[in-house]
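I open this notebook to record what I looked up in the structure shown below.

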Amino acid sequence: MNICVFLSAADLDDRYTRPAREFAELLGKGGHTLVWGGSDVGLMKVVADGVQEAGGRLLGVSVEFLAAKARAGVDEMVIAKDLAERKRLLLEKGDAVVIMVGGTGTLDEATEILELKKHGHTDKPVVLLNTEGFYDGLKEQFRRMEDEGFLPRPLADLVFFAEEPVGALAYLEESLGIQ
């Protein structure tokens, strides 16, 4: 399957890179394709390295103003004209979405896929990989939105919260009927 991963391009410490690399290795060993922002820096590089070294494919979607940071030697690289097109292409090319640790860009991508799912414009499985409790506050906010009637669908229909990489991939494979 093509797994779209939203994540940071920042250089992060081992508490974030280790689980990201573990997920990447599971993805690659499973014969899956990483669909990601195409950058060869920070956490994006860690994940791309792990997938490629484990035998998986790389499908990058970069953007014109970041093209100089795009990874060479990938199976496919698309250069979008702007961030909106990049996000659209990432979502189109992925069969499922995993949200890893990240900043405002990652949060923007995460909320967009959840909004599309909320309104029935996609049924792709979405996993939020809650490494080191990074998204505990967001999880609490989503639960409050659900409890107070802001979500027309149950939160569990929109996103699966995984605490470990193996649980994230298992959920995706089960959701898409892959054994």
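**The largest pocket and its surroundings**

I looked up the lining of the largest pocket and counted 22 residues, with Met-44, Leu-83, Arg-86, Gly-105 and Glu-109 lying nearest the centre of the pocket. I note that the model is a predicted one.

I then asked how much space the largest pocket holds, and the volume came to about 420 Å³.

By residue class, I found the lining of the largest pocket to consist of 11 nonpolar, six polar and five charged residues.

I next asked which elements each supply at least two residues of this lining; they are strand S1 (2–6), helix H3 (83–93) and helix H4 (104–118).

**Strand S1**

I recorded S1 as mostly covered, with four of its five residues buried.

I looked for the pairing partners of S1. Strand S2, residues 33–36, pairs with S1 in the parallel sense over three bridges. Within this pairing, I located Val-35 of S2 as the bridge partner of Cys-4.

Strand S5, residues 96–99, also pairs with S1 in the parallel sense, here over four bridges. I found Ile-99 of S5 standing opposite Phe-6.

Conventions: Residues are numbered from 1 along each chain as its sequence is written. This is a predicted model: local features need pLDDT of at least 70, side-chain atom pairs count only at pLDDT 80 or more; totals for chains, interfaces and linings use all residues. Side-chain values use heavy atoms; hydrogens and water are left out. On a 1 Å grid over the protein atoms alone, a cavity is a set of points where a 1.4 Å probe fits but cannot get out, and a pocket is an open set with protein on both sides within 12 Å along at least five of seven lines; lining residues have an atom within 4 Å of a point. Grid points are joined across faces, edges and corners, and a volume is the space filled by probe spheres set on the points. Ala, Val, Leu, Ile, Met, Phe, Trp, Tyr, Cys and Pro count as nonpolar, Asp, Glu, Lys and Arg as charged, and the others, Gly among them, as polar. Buried means under 20% relative accessible area, exposed over 50%, partly exposed in between (1.4 Å probe, protein chains only). Two strands pair if DSSP finds at least two bridges between them.
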